[in-house]
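This report is for a reader new to the structure below. Please look at the sequence and the model first, then read on.

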Amino acid sequence: MVGTGMTREKLEKMAQVARVGGVRRRHKAVRKSHSEVDTKLQQNLKKLGVSPIADIEEVNFVMENGTVMHFAHPRVQASIQSNTYVVTGNPQTKSVAEMVPEMLASMGGNAAELQRIKEMIEKEGEKKAE
């Protein structure tokens, strides 16, 4: 308190006046909402000319590290001219081994051929591990 101009009496007086919970704020902080960011994103997507694609039940992104980002019932938009695809939704991160049976079932077609491709991929993975 030396050199600050504060005395014990001033501090006691301030302590009596001070409110519980802190000082009253005169200016309320303005926070940006997520919807504002979303509208800017939608405006930029509109400039690219994306259009919605209906009837897509799921989207899977297979990553290099062996995980899969799985979107169930996503909102998909595409612009063929600019080679842009937009997938929005809530992703779940799963392992490739967990998702392969689901992917094989959803692809349909010749299951024996798909199973052969799966075995080839597994053999290549084993060779790389050695």
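## A helix across the strands

Helix α3, residues 96-107, lies across β2, β3 and β6. Its direction makes an angle of about 110° with β6. The model described here is predicted.

## The three-stranded sheet

The strands β2, β3 and β6 form an open sheet in the order β2-β3-β6, with antiparallel pairing. The edges are taken by β2 (58-62) and β6 (91-95); each has a single partner strand, so one side of each has no neighbour in the sheet. From one strand to the next, the twist averages 25°.

Strand β3 covers residues 67-72 and is joined to β2 by five bridges, the two running antiparallel. Across this pairing, Phe61 stands opposite Met69 in β3. In general, strands of a sheet pair through backbone hydrogen bonds, in a parallel or an antiparallel way.

His70 is a residue of strand β3. Its relative accessibility is 5%, so His70 counts as buried, the cut-off being under 20%.

The side chain of His70 makes a polar contact of 2.6 Å with the side chain of Asn60. Leaving aside residues up to four places away in sequence, His70 touches Glu58, Val59, Asn60, Asn90, Pro91, Gln92, Lys94, Met99 and Glu102.

## The aromatic pair

One aromatic pair is present in the structure. It consists of Phe61 and Phe71, whose ring centres are 5.9 Å apart; the planes stand at 85°, so the pair is edge-to-face. Because Phe61 lies in strand β2 and Phe71 in strand β3, the pair ties together parts that are 10 residues apart in sequence.

Phe61 is partly exposed, with a relative accessible area of 39%, whereas Phe71 counts as buried at 6%.

## The hairpin

Strands β4 (residues 75-79) and β5 (residues 84-88) pair in the antiparallel sense over five bridges.

Together β4 and β5 form a hairpin, with four residues between the two strands. In the turn, Asn83 has a positive phi of about 55°.

## Confidence in the model

The protein chain has a mean pLDDT of 80, and 79% of its residues reach 70 or more. Confidence is highest in β4, at 93, and lowest in helix α4 (residues 111-129), where the mean is 71.

Methods
Residues are numbered from 1 along each chain as its sequence is written. Side-chain values use heavy atoms; hydrogens and water are left out. Two strands pair if DSSP finds at least two bridges between them. pLDDT is the predictor's confidence in each residue, from 0 to 100. Axes are lines fitted to C-alpha atoms, for helices over the stretch in contact, and angles run from 0 to 180 degrees between N-to-C directions. Contact means heavy atoms within 4.5 Å. Buried means under 20% relative accessible area, exposed over 50%, partly exposed in between (1.4 Å probe, protein chains only). A polar contact is a pair of N or O atoms within 3.5 Å; within protein, one must be able to donate a hydrogen and the other to accept it, and residues adjacent in sequence count only if both atoms are side-chain atoms. Rings of Phe, Tyr and Trp (its six-membered ring) pair if their centres lie within 6.5 Å; planes under 30 degrees apart count as stacked, over 60 as edge-to-face and the rest as tilted.
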